[in-house]
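Here is a short briefing on a protein model.

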Amino acid sequence: MDEYDNNTPSHGKDNFPRKILSQLRGSNGPVHAVTYSASPGTYILTGSADRSIRLYNPIPSSTTTTASSTQASSFITKPSQSPLTASPPAGRLIQTYTSHGYEVLSLSVSSSNATFASSGGDRAVFLWDVSTAQTIRRFSNAGHTTGRINSVIFAGVDDSLLISGGHDTTVRIWDVRSQSSAKPVQVLGEAKDGVTSLVFDSQGTGAEVLAGSVDGRVRTYDVRMGRLVTDVFPGAVTSLCLARDGKTVLVGSLDSKIRLMDRSNGQCLRTYGGVEKGSGDVGAAAGGWTNKEIRVQSVLGGGERWVVAGDENGAENSNGEGRVWAWDLLTGRLVAKLGVPWGPGGGKVVVGRDGKEKERKNVVSCVAWKDSGFGNQFCVGGTSGVVTVYGEA
């Protein structure tokens with residue numbers, strides 16, 4: 001089985017990567033964060049609820065798939081399912097990093113690929129040495145005071161800064177080169193609710209931090225000029241993705257909309273997702289993508305040709321598969337709606353409070369696009385604990 005492609009418009013010549021190249025296995029809980037290594041983007045890092053970070057080569061050692069009986073390997077069998085299902089090949093696990101005491105929620109790789117940063121429920125930012133699998137620094141003292149740290153990113157010249165944002169409503173900037181990690185160099189505390197997402201703009205003034213928050217705001221801090229610009233959205237902001245030129249930003253929020261915003265004037269250039277009442281245009285209606293409860297990541301991909309997002313609802317078809325959506329950046333037309341399979345063993349069931357078995361959805365919450373190297377490729381993760389890698393056929 002080369003691809004899981006549900007109700008997708010004709011492939012045409014859009015070249016969107018639909019083929020499943022591999023699955024990255026080994027996590028013992030939901031995957032909350034995925035990211036590619038810096039150029040040429042050879043490797044993938046994953047952060048999981050099992051408190052571990054894993055480094056993979058997504059290219060499998062063998063391209064042979066194994067056919068397994070759905071009836072034998074899955075707790076749920078649907079009449080529409082084929083009796084045989086081909087499992088995608090497994091990517092190669094290279095290294096596991098274990099110092100977190102709580103779930104890992106965010107990852108950021110330095111431009112040199114020598115280090116990476118992670119954050120999660122520990123109320124600390126971890127700086128790692130890739131080769132030794134050891135933590136170099138932990139930024140925790142005088143740090144985030146309550147709850148989890150939802151986002152961490154590298155910033156500044158030669159990745160000299162780390163920026164973190166968390167449940168305590170603050171954004172904190174840390175100096176990586178400083179001998180002391182006791183205090184952040186700056187604390188930005190204007191948010192009225194938890195900070196969910198961060199991006200850094202090195203264009204323009206060269207020092208702008210964008211922070212998305214549950215209070216429905218995207219705040220842009222010009223840390224050199226001491227200036228703050230706030231854009232208001234109808235729902236909690238859950239995802240930010242900055243265009244390469246820094247002029248536009250993709251904003252995901254819990255009103256079931258993803259918006260492409262012009263940063264110069266705050267104008268919404270295009271909206272993706274949701275259902276427009278009375279619209280007969282399938283592309284405009286976006287096929288019914290909704291996001292109202294869970295933080296679902298959306299990114300720009302394919303040289304900023306597409307908008308790609310996960311899904312909190314799962315596929316309409318069998319066995320609780322997940323979904324990933326893609327729209328044309330310029331037109332807003334739905335390009336692809338792909339099923340995301342569970343790993344080996346198929347979907348799981350859980351027992352509800354009423355004592356009845358309920359199907360567990362494969363919520364796809366994190367997405368990463370390979371921005372460098374050859375060919376279009378992206379990966380997604382979520383509640384299944386398996387990261388699925390897509391590429392061109």
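Aspartate 328 contacts Tyr272, Arg305, Trp306, Arg333 and Val335, leaving aside neighbours within four places in sequence. The model is predicted. Aspartate 328 sits in strand 26, which spans residues 322–328.

- Aspartate 328 is buried but has no salt bridge.
- Arginine 333 carries the nearest side chain of opposite charge, 4.9 Å away.
- The aspartate 328 side chain reaches the backbone nitrogen of leucine 330 at 2.9 Å.
- A polar atom of that side chain also lies 2.9 Å from the backbone nitrogen of threonine 331.

**Aspartate 129**
- Aspartate 129 belongs to strand 10, residues 125–129.
- A polar atom of its side chain is 2.9 Å from the backbone nitrogen of threonine 132.
- Aspartate 129 touches Tyr97, Ala114, Gln134 and Ile136, with residues up to four places away in sequence not counted.
- Tyrosine 97 is 32 residues from aspartate 129 in sequence, and their C-alpha atoms are 9.8 Å apart.

**Whole protein**
- The protein has 32 strands and two helices.
- It has 393 residues, and 55% of them count as buried.
- Among contacts with a separation of 6 or more, 50% join residues 24 or more positions apart.
- The accessible surface is about 17200 Å², and carbon and sulfur atoms make up 48% of that surface.

Definitions and conventions:
Residues numbered from 1 in each chain as written. Predicted model: local features only at pLDDT ≥ 70, side-chain atom pairs only at ≥ 80, totals over all residues. Heavy atoms only, no water. Helix = DSSP H or I, 4+ residues; strand = E, 2+ residues; numbered from the N terminus. Contact = heavy atoms within 4.5 Å. Polar contact = N/O pair within 3.5 Å; in protein donor to acceptor, adjacent residues only side chain to side chain. Buried < 20%, exposed > 50% of the residue type's maximum accessible area, 1.4 Å probe, protein only. Areas by Shrake-Rupley, 256 points an atom, 1.4 Å probe, with all protein chains shown as cover. Lys, Arg positive; Asp, Glu negative; His and termini not counted. Salt bridge = Lys/Arg side-chain N within 4 Å of Asp/Glu carboxyl O.
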